[in-house]
Amino acid sequence: MKRTNYAGNTSEKQVGQEVVLKGWVAKRRNLGGLIFIDLWDREGIVQLVFNEKENPEAFKVANAVRNQYVLEVQGKVQLRAGKEINPEMKTGKIEVAVNKIKVLAKSETTPFDIADNVDASEDLRMKYRYLDLRRPEMMKNLMLRSKVTSVVHHYYDSQGFMDVETPDLTRSTPEGARDYIVPSRVYPGHFYALPQSPQLFKQLLMAAGVDKYYQIARCFRDEDLRGDRQPEFTQIDTEMSFATPEDIQTMTEGLIKKVMKDVLGVDVKTPFPRMEWQEAMDKYGSDKPDTRFGMLIHDLSDIVKDSSFKVFSGTVANGNFVRAICVPGGADKYSRKDISKKEEYIKRFGAKGLAWVKVTEDGYSGPIAKFINDYADAINEKMGAKPGDLILFVADSFHVVSDSLGYLRREIAKEQNMIAANQWNYLWVVNWPMFEYDEGFGKWIAAHHPFTMLNEEDLHYLEDGEDPHKAHAQSYDIILNGQEIGGGSIRIHDPKVQEKVLKALGYTKERAEARFGFLLKALTLGMPPEGGLAFGLDRWVMLLAQADSIRDVIPFPKNSKAVEPLTAAPGKVSQQQLNDLKVQFDDKVDYKQDNDDED
């Protein structure tokens, strides 16, 4: 029988009509002479009814089916009795009286319930990902992702962009994370790298005259994982010739506006606010500020610089900062023990401690109150503090203070339910530093990437005798609800500027030529001024779906240990494959072949 429609799309308009449906048994209820089955497919559920008196053959088959059997049914759509209507279901006003049923596939008992809010470990769900995706909430996420990518294609096509593929096997170039490398069988001792992004190739496409490029591109980075990070991920990648930052941002806002309207039915106002990087760090303690709530960071250095509390005065004397946040009504909500836990946590950011006071009608109370009570009026006025509030202070270097208070601000807002639901706060963070010091690598790196163009007025910082680390770049990030969902910049198209930037990053001419020779040559052969932006598709869809992790919106993700439980990747390969690649392991690697390696 040919299916007439999806089960979940069966509607009142079909009352009295015969339909053929195919799907899975989500639930079965036997009420004696009547059996009810909820039939599920990707569009939802419809109730089937089997009447023993009217159709004993179909009733007999239905009596033997179990959850997750795959069925084909034919029947007539009818209205439910008034008391049987389920307003929570899209199909809650109708049901299908079945006259024919065929079991297409049986199912063993599944390892977990195929239902929303299932009580099963993430690894078990990922091991049986095809069952996990059968759950309504996961299928909804998958469909939302599909709708977003469909809108992306239509939008950029309508704006004259060309969809161009770039290589997945390329040369290893430093882009901020470790590369995944692939050994070459044809050239032993040589390696391909999987791309961390299509950055260099899309710049070369501008040199080719493509003018407007986009691609939904797969990217790979060998880095430690967390809830919003995966070793392989997807970008909406774009590039435009002869474009200003405003051109690129306006084009991007058009995409966001269309996705929000077409996918979620939400109107967002454009243009989005622009915020300087320095302001974001000063007020929000983050380069991805969450503007859905207040509790901003305030600098109190000038007020407490002469305080008898040496932690504060000494910090300011050393050229660092004393900053604080005010937690509304926090005095009664946070005990000394609660604050101590937060103090312990922010030590990972380099903080040496967390000072605090509680605001009362008579001044401050708390461990440092006696040292700063004389400054209470000035502090309260600057912070808008009032009796019953809690003030948290961090005194240290700029980045330690920003990271610590930025974390506390976000964490406390979640704990105190300060964030109203269904907000979509998009904004741009602009005017980024060109370089930043990476504590992990112990050196200066490009804040975005080495091909970002500096602000014209900052180009002199690249000259000998100047400090390049003072320069700012024509770069910009797009933020949604405190999460970075994309970033971009105007690119360097002048070979002399590119050479100076690489020099500032520690590249000799020889090393720069070895790594980026193909790009440097392209810059000498008519590279137009250009720029672009890349969206993190996974993270954006995660936020649109209001999911907790990007793993909830990726069909077959890796877990927190970079393992894909369904296929048990990464796995071992046969000795013959290793021989072909001229790859050997030393004695420190326990590489014992699996029994079926030679199959």
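Leu 544 touches Leu 144, Val 148, Val 259, Met 260, Leu 264, Trp 424 and Tyr 426, leaving aside residues up to four places away in sequence (contact means heavy atoms within 4.5 Å). This is a predicted model, where local features need pLDDT of at least 70 and side-chain atom pairs count only at pLDDT 80 or more, while totals for chains, interfaces and linings use all residues. Numbering starts from 1 along each chain as its sequence is written, and side-chain values use heavy atoms, with hydrogens and water left out.

**Cores**
- The largest nonpolar core has 65 residues, and Leu 544 is among those with the most contacts inside it, including also Trp 540 and Phe 535.
- Such a core is a set of buried Ala, Val, Leu, Ile, Met, Phe, Trp, Tyr and Cys residues joined through side-chain atoms within 4.5 Å, with buried meaning under 20% relative accessible area (1.4 Å probe, protein chains only).
- Helix H6 (residues 245-264) supplies the largest share of this core, seven residues; helices are DSSP runs of H or I, at least four residues, and strands are E runs of at least two, numbered from the N terminus.
- A second, separate core of 23 residues includes Val 322 and Ile 391.

**Sheet**
- Five strands form an open antiparallel sheet in the order E12-E13-E16-E14-E15; strands pair if DSSP finds at least two bridges between them.
- At the edges sit E12 (298-299) and E15 (363-365), each pairing on one side only.
- His 298 stands opposite Ala 324 in E13.

**Gln 215**
- Gln 215 lies in strand E9 (residues 212-220) and is buried, at 7% relative accessible area.

Conventions
Buried < 20%, exposed > 50% of the residue type's maximum accessible area, 1.4 Å probe, protein only.
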